[in-house]
Amino acid sequence: MAGVGMKEDPAAKDDLILALNSGSSSLKFGMYRRGASDEEPVLTGSAEGIGHGNGSLQIRSSDGTILVARQSIHESQSDALTTLAAAIREHIHAVPVAVGHRIVHGGPKLVTHQRITPQVLDQLRVATHFAPLHIPQALTLIGAAQSIFPPAAHFACFDDAFHQTIPELASHLPLPQRYFDAGIRRYGFHGLSYESLVHHLGEELPERAIFAHLGNGASLCALRNGISIDTTMGLTPTGGIPMGTRSGDLDPGVFLYLLRNEKFSADELEDLLNHRSGLFALSSGESDVRTLEERARANDLHAALALNIFALSVRKVIGAYVALLGGVDLLVFTGGIGEHSDRIRAAATKGLEFLGLTAEKIQVVAAQEEQQIARCCRMMMT
């Protein structure tokens with residue numbers, strides 16, 4: 001018997017794709033079936049607060065019915081995946097034919113979405129130093145998923161693949177050539193989010209567009225005819241504009257100061273830049289924009305400063321990208337902050353009318369990373 005909110009459809013069970021979108025302490029997911037014109041969700045949800053005492057799990061059916069909602073302490077993403085697999089068995093009575101994994105960084109050799117093979121896993125291990133906070137976690141989750149769903153084909157969907165079109169003018173960092181040859185360059189991320197926006201807009205996507213994915217991780221992308229020509233994140237997802245807990249770009253002299261005067265180790269520096277900087281640092285301990293906005297309304301100066309610095313950094317990039325594109329036809333906000341914070345969107349676009357950025361050129365579109373993973377997998381399966 002089908003679970004609550006689910007409709008039994010045996011014919012549709014042969015083409016189910018499970019999309020896994022792994023974050024630092026979260027696991028978003030969606031199960032999709034082939035629809036008439038697009039991937040249709042069968043269930044979606046997320047496990048939040050993984051590894052923390054305030055964890056939660058929610059799973060929804062295609063009609064929005066909540067199938068599972070509970071406070072759950074998951075020690076790891078693999079643990080959360082095990083819970084998800086049990087819910088899939090209970091409510092769908094089927095297993096996916098394919099599992100798509102969002103991989104943040106594949107290094108210089110893994111630059112396109114592809115089926116996961118032993119060779120791909122080996123190359124990911126070699127590329128660990130490009131994203132030491134993300135790749136080991138991704139490898140662990142892939143191993144768990146392969147164990148839980150052994151008959152399924154597993155695919156790697158790389159978050160930097162969308163930006164392979166960036167010209168060398170934008171990707172080549174001002175360092176000696178041997179570093180570029182070793183893969184030290186601008187990669188860019190949030191590519192699956194940007195791919196989903198291109199798909200969503202379709203023929204309505206104009207020539208000159210700017211996409212702003214603003215969430216706990218945040219970046220912007222300049223597109224010409226749907227092709228990425230520049231983006232704010234660089235070698236790693238730590239670069240670009242300030243984020244929830246990440247610093248974004250800093251004067252290299254800051255690193256030298258910390259190394260020489262504070263005697264930071266590489267691990268301590270990495271922790272500072274990724275977990276104790278950005279909005280968290282500016283506000284003295286808070287990275288959630290909703291909470292910061294509440295504090296700012298109560299005249300908390302630190303919260304207001306954090307929000308204003310974040311919005312200003314977005315506005316400066318928008319202005320730069322308008323110049324790069326020679327004008328702008330469309331600005332799209334997505335991601336948790338981009339979709340839900342009127343304050344940030346207003347502050348980030350304030351005063352840019354002289355560049356031709358008028359209200360009718362601004363849209364808000366929900367992020368569809370999991371659905372885009374399913375689309376990519378379906379294409380690779382054909």
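Helix α6 meets helix α14 through L192, S193, E195, S196 and H199 on the α6 side and E369, Q372, I373, R375 and C376 on the α14 side, where contact means heavy atoms within 4.5 Å. This is a predicted model, so local features need pLDDT of at least 70 and side-chain atom pairs count only at pLDDT 80 or more, while totals for chains, interfaces and linings use all residues. Residues are numbered from 1 along each chain as its sequence is written, and side-chain values use heavy atoms, with hydrogens and water left out. Helices (H or I, at least four residues) and strands (E, at least two) are DSSP runs, numbered from the N terminus.

The axes of α6 and α14 (residues 369-381) come within 8 Å and cross at roughly 80°. That makes α6 roughly perpendicular to α14; the cut-offs are under 35 degrees for roughly parallel, over 145 for roughly antiparallel and 65 to 115 for roughly perpendicular, with the rest oblique. Axes here are lines fitted to C-alpha atoms, for helices over the stretch in contact, and angles run from 0 to 180 degrees between N-to-C directions. Sorted by class, the contact of α6 with α14 holds three nonpolar, four polar and three charged residues. In that scheme Ala, Val, Leu, Ile, Met, Phe, Trp, Tyr, Cys and Pro are nonpolar, Asp, Glu, Lys and Arg are charged, and the others, Gly among them, are polar.

As for burial, eight of the eleven residues of α6 (residues 191-201) are buried, so this helix is largely enclosed by the rest of the structure. Buried means under 20% relative accessible area and exposed over 50%, with partly exposed in between (1.4 Å probe, protein chains only). The buried set in α6 is G191, L192, S193, Y194, E195, S196, L197 and L201. Just after α6, G202 takes a positive phi of about 55°.

Two strands pair if DSSP finds at least two bridges between them. Strand β4 (residues 56-61) runs antiparallel to β5 and is joined to it by five bridges; L57 has R70 in β5 as its bridge partner.

With β1, β6 pairs in the parallel sense over four bridges, and I17 is bridged to A98 in β6. With β8, β6 again pairs in the parallel sense, over six bridges, and here H101 has A156 in β8 as its bridge partner.

Back on α3, G143 sits in that helix. G143 counts as partly exposed, at 35% relative accessibility. From G143 to G217 the separation is 74 residues in sequence and 25 Å in space, C-alpha to C-alpha.

A five-stranded open sheet, also with mixed pairing, has the order β11-β10-β9-β12-β13. The edge strands β11 (227-231) and β13 (362-364) each pair on one side only. From one strand to the next, the twist averages 25°. Four bridges link β10 (residues 218-224) to β11 in the antiparallel sense, and L223 is partnered by S228 of β11. Helix α13 (residues 342-349) lies across β9 (208-214), β12 (330-334) and β13, running at about 150° to β12.

Finally, the cysteines. With a disulfide taken as a pair of cysteine sulfur atoms within 2.5 Å, the count comes to zero. C221 is in no disulfide, and the nearest cysteine sulfur, that of C376, is 15 Å away. C221 is buried, at 0% relative accessibility. For C377, the closest cysteine sulfur is that of C157, at 4.3 Å, which is too far for a bond. C377 is likewise buried, at 0% relative accessibility.
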